[in-house]
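Hi,

Here is the model I said I'd pass on. Have a look at it first, then read my notes below.

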Amino acid sequence: MKKWLLVIALLSANVVMADVLNKMVLINEAKKDVGEMTPKQLKTLLDEGEDVIVLDVRESEQRAEGSIPFDEFNKENFVAITRGNLEWKVAKKIKDPDARIVTYCRRGGRGALAAEVLKKMGYTNVTTLKGGLKGWVKAGYPVKTGLGEVILTKEK
């Protein structure tokens with residue numbers, strides 16, 4: 001009986017590990033396909049007032065953590081569509097297939113997959129934010145929260 005439980009446990013662990021590896025393969029392929037923009041590059045585009053759509057594909061509860069800041073002058077360039085609803089809602093929110101779009105999520109995986117889907121849907125100028133919102137924060141850039149714009153730091 002113990003041997004069977006051990007075999008079942010090992011097989012389950014292999015299935016879980018294969019699932020994680022398959023996801024990472026898909027994410028890495030998507031990143032290669034669409035490329036990644038560094039937080040510094042995106043910050044420069046935003047500071048210079050370049051026409052770029054910043055697409056947040058996180059779930060609503062994750063968006064409550066904060067987002068890349070925008071103001072009244074560029075708020076129409078900041079769009080939120082969850083990854084699960086992207087294919088159904090993006091055409092209504094982003095009508096120009098040639099618009100420059102930078103997707104992001106919390107760490108970068110879903111953002112890369114979303115950018116790849118957008119490219120397959122005919123959007124021609126799509127990339128993803130390297131490291132997602134965490135990469136943005138790690139680069140020292142502010143996050144817009146209910147308390148205003150804050151810079152998050154790691155406690156030492």
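This is a predicted model: local features need pLDDT of at least 70, side-chain atom pairs count only at pLDDT 80 or more; totals for chains, interfaces and linings use all residues.

Is Lys119 buried or exposed, or partly exposed? Lys119 is partly exposed, because its relative accessible area is 39% (buried means under 20%, exposed over 50%, partly exposed in between, with a 1.4 Å probe and protein chains only).

Residues are numbered from 1 along each chain as its sequence is written, and side-chain values use heavy atoms, with hydrogens and water left out.

Now the salt bridges (a side-chain nitrogen of Lys or Arg within 4 Å of a carboxyl oxygen of Asp or Glu). The whole structure has eight of them. In one, Lys119 pairs with Asp33, with 3.2 Å between the closest N and O atoms. That pair links distant parts of the chain, 86 residues apart: Lys119 sits in helix H5 (residues 109–120) and Asp33 in helix H1 (residues 2–34). Helices here are DSSP runs (H or I, at least four residues), as are strands (E, at least two), numbered from the N terminus. Asp33 is partly exposed too, at 35%.

Glu65 bridges to Arg58 at 3.9 Å; Glu65 is partly exposed at 40%, whereas Arg58 is buried at 0%.

Finally, Val102 in strand E4 (residues 100–104) is buried, with 0% relative accessible area. Ile53 is 49 residues away in sequence, yet 6.2 Å away in space, C-alpha to C-alpha.

Cheers
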